[in-house]
Amino acid sequence: MIIIGEIDFIKNLVHHLMLISSKNQNKMTISVLVNMSTLVVGGGVQIGVSFFEFAVNFKSNDIDFHFLLSKSIFDNLSKKHLHNSNYILIEESPAKILKGWKSRREILEIEKNINPDLVYSLGFPSYIRFNN
(Lines give C-alpha, C1' and ligand atoms only; values in the text may rest on other atoms or scores of the structure.)
Protein backbone atom coordinates (compact mmCIF):
# COMPACT_ATOMS: atom_id res chain seq x y z
CA MET A 1 0.00 0.00 0.00
CA ILE A 2 1.40 3.40 -0.99
CA ILE A 3 0.22 6.40 0.97
CA ILE A 4 -0.32 9.85 -0.61
CA GLY A 5 2.92 11.37 0.70
CA GLU A 6 4.92 8.51 -0.79
CA ILE A 7 3.22 8.90 -4.16
CA ASP A 8 4.15 12.60 -4.29
CA PHE A 9 7.71 11.79 -3.24
CA ILE A 10 8.08 9.09 -5.91
CA LYS A 11 6.55 11.28 -8.64
CA ASN A 12 8.92 14.11 -7.68
CA LEU A 13 11.96 11.82 -7.84
CA VAL A 14 10.92 10.41 -11.23
CA HIS A 15 10.35 13.97 -12.51
CA HIS A 16 13.88 14.96 -11.49
CA LEU A 17 15.33 11.82 -13.07
CA MET A 18 13.57 12.66 -16.33
CA LEU A 19 15.04 16.18 -16.23
CA ILE A 20 18.52 14.74 -15.74
CA SER A 21 17.91 12.33 -18.59
CA SER A 22 16.72 15.10 -20.96
CA LYS A 23 19.87 17.13 -20.24
CA ASN A 24 22.03 14.09 -20.94
CA GLN A 25 21.17 13.83 -24.65
CA ASN A 26 24.24 11.89 -25.72
CA LYS A 27 23.52 9.10 -23.22
CA MET A 28 20.65 6.69 -23.86
CA THR A 29 19.76 5.97 -20.22
CA ILE A 30 20.70 7.21 -16.80
CA SER A 31 21.76 4.74 -14.19
CA VAL A 32 20.44 5.18 -10.65
CA LEU A 33 21.76 3.29 -7.64
CA VAL A 34 19.09 3.33 -4.93
CA ASN A 35 20.55 2.67 -1.49
CA MET A 36 18.01 1.15 0.91
CA SER A 37 20.54 -0.76 3.00
CA THR A 38 19.88 1.21 6.21
CA LEU A 39 16.09 0.72 6.20
CA VAL A 40 15.68 -2.13 8.66
CA VAL A 41 12.61 -1.46 10.85
CA GLY A 42 9.11 0.02 10.82
CA GLY A 43 7.98 2.71 8.43
CA GLY A 44 11.35 2.86 6.69
CA VAL A 45 10.93 -0.71 5.50
CA GLN A 46 7.43 0.08 4.18
CA ILE A 47 8.72 3.12 2.30
CA GLY A 48 11.52 1.02 0.84
CA VAL A 49 9.13 -1.73 -0.27
CA SER A 50 6.73 0.82 -1.82
CA PHE A 51 9.51 2.62 -3.67
CA PHE A 52 11.02 -0.63 -4.94
CA GLU A 53 7.68 -1.91 -6.23
CA PHE A 54 6.92 1.41 -7.92
CA ALA A 55 10.36 1.64 -9.55
CA VAL A 56 10.26 -1.96 -10.81
CA ASN A 57 6.82 -1.34 -12.38
CA PHE A 58 7.83 2.07 -13.76
CA LYS A 59 8.20 1.69 -17.52
CA SER A 60 10.95 3.88 -18.91
CA ASN A 61 13.77 3.31 -21.34
CA ASP A 62 15.50 6.36 -19.86
CA ILE A 63 16.16 5.12 -16.32
CA ASP A 64 18.04 2.00 -15.24
CA PHE A 65 17.50 1.32 -11.52
CA HIS A 66 19.89 -0.72 -9.36
CA PHE A 67 18.91 -1.42 -5.75
CA LEU A 68 20.85 -2.07 -2.57
CA LEU A 69 18.33 -3.82 -0.32
CA SER A 70 18.38 -4.46 3.41
CA LYS A 71 17.37 -7.92 4.56
CA SER A 72 14.14 -6.46 6.03
CA ILE A 73 13.09 -4.99 2.68
CA PHE A 74 14.08 -8.15 0.80
CA ASP A 75 11.96 -10.28 3.15
CA ASN A 76 8.90 -8.07 2.51
CA LEU A 77 9.05 -8.07 -1.30
CA SER A 78 7.09 -10.37 -3.55
CA LYS A 79 9.27 -12.74 -5.58
CA LYS A 80 7.60 -11.44 -8.75
CA HIS A 81 9.15 -8.00 -8.18
CA LEU A 82 12.55 -9.45 -7.32
CA HIS A 83 12.62 -11.51 -10.51
CA ASN A 84 12.37 -8.42 -12.75
CA SER A 85 14.92 -6.18 -11.05
CA ASN A 86 18.59 -5.39 -10.51
CA TYR A 87 19.12 -5.77 -6.79
CA ILE A 88 21.89 -6.68 -4.39
CA LEU A 89 21.09 -7.84 -0.88
CA ILE A 90 23.18 -6.15 1.81
CA GLU A 91 23.11 -8.56 4.76
CA GLU A 92 24.33 -6.19 7.49
CA SER A 93 23.29 -2.56 7.79
CA PRO A 94 26.14 -0.10 7.21
CA ALA A 95 24.86 1.64 10.36
CA LYS A 96 26.23 -1.13 12.57
CA ILE A 97 29.42 0.01 14.25
CA LEU A 98 31.49 -3.17 14.00
CA LYS A 99 29.83 -5.31 11.33
CA GLY A 100 28.86 -2.33 9.19
CA TRP A 101 32.39 -1.60 7.94
CA LYS A 102 32.25 -4.67 5.69
CA SER A 103 28.90 -3.54 4.25
CA ARG A 104 30.19 0.00 3.70
CA ARG A 105 33.20 -1.34 1.81
CA GLU A 106 31.00 -3.71 -0.22
CA ILE A 107 28.59 -0.89 -1.14
CA LEU A 108 31.42 1.38 -2.32
CA GLU A 109 32.75 -1.48 -4.49
CA ILE A 110 29.26 -1.99 -5.96
CA GLU A 111 29.02 1.73 -6.71
CA LYS A 112 32.41 1.60 -8.43
CA ASN A 113 31.35 -1.37 -10.59
CA ILE A 114 27.95 0.03 -11.56
CA ASN A 115 29.26 3.60 -11.99
CA PRO A 116 25.80 5.16 -11.69
CA ASP A 117 24.91 8.68 -12.79
CA LEU A 118 23.08 9.17 -9.49
CA VAL A 119 23.13 7.53 -6.07
CA TYR A 120 19.94 8.03 -4.10
CA SER A 121 19.75 6.95 -0.45
CA LEU A 122 16.26 6.39 0.90
CA GLY A 123 17.36 6.13 4.53
CA PHE A 124 19.50 8.64 6.38
CA PRO A 125 22.23 8.80 7.34
CA SER A 126 23.66 6.46 4.74
CA TYR A 127 27.00 6.07 6.61
CA ILE A 128 28.77 6.12 3.25
CA ARG A 129 30.35 8.90 1.24
CA PHE A 130 29.40 7.97 -2.31
CA ASN A 131 31.46 9.12 -5.27
CA ASN A 132 28.49 9.83 -7.58
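Guide: Partly exposed means a relative accessible area between two cut-offs: under 20% is buried, over 50% is exposed. This model is predicted.

Visitor: What makes K96 count as buried, exposed or partly exposed?

Guide: K96 has a relative accessible area of 40%.

Visitor: Why is the contact between the side chains of K96 and E92 called a salt bridge?

Guide: The cut-off is 4 Å between a Lys or Arg side-chain nitrogen and an Asp or Glu carboxyl oxygen. For K96 and E92, N to O is 2.8 Å, so the pair qualifies. Side chains of opposite charge can pair when their charged atoms come close.

Visitor: How many salt bridges does this rule count?

Guide: Two. D75 and K71 also meet in one, at 3.0 Å from N to O. They sit four residues apart in helix α3 (residues 71–76), which means a separation of about one helical turn. D75 is partly exposed at 47%, and K71 is partly exposed at 36%.

Visitor: How do you know that β2 and β3 pair?

Guide: Pairing needs at least two bridges. Four join β2 (residues 63–70) to β3, so the strands pair, and they run parallel. In β3, I88 is the bridge partner of L68.

Visitor: What makes β3 and β4 edge strands?

Guide: The open sheet runs β3-β2-β1-β4, with parallel pairing. β3 (87–90) and β4 (118–121) each pair on one side only. The twist averages 20° from one strand to the next.

Methods:
Residues are numbered from 1 along each chain as its sequence is written. This is a predicted model: local features need pLDDT of at least 70, side-chain atom pairs count only at pLDDT 80 or more; totals for chains, interfaces and linings use all residues. Side-chain values use heavy atoms; hydrogens and water are left out. Helices (H or I, at least four residues) and strands (E, at least two) are DSSP runs, numbered from the N terminus. Buried means under 20% relative accessible area, exposed over 50%, partly exposed in between (1.4 Å probe, protein chains only). Axes are lines fitted to C-alpha atoms, for helices over the stretch in contact, and angles run from 0 to 180 degrees between N-to-C directions.
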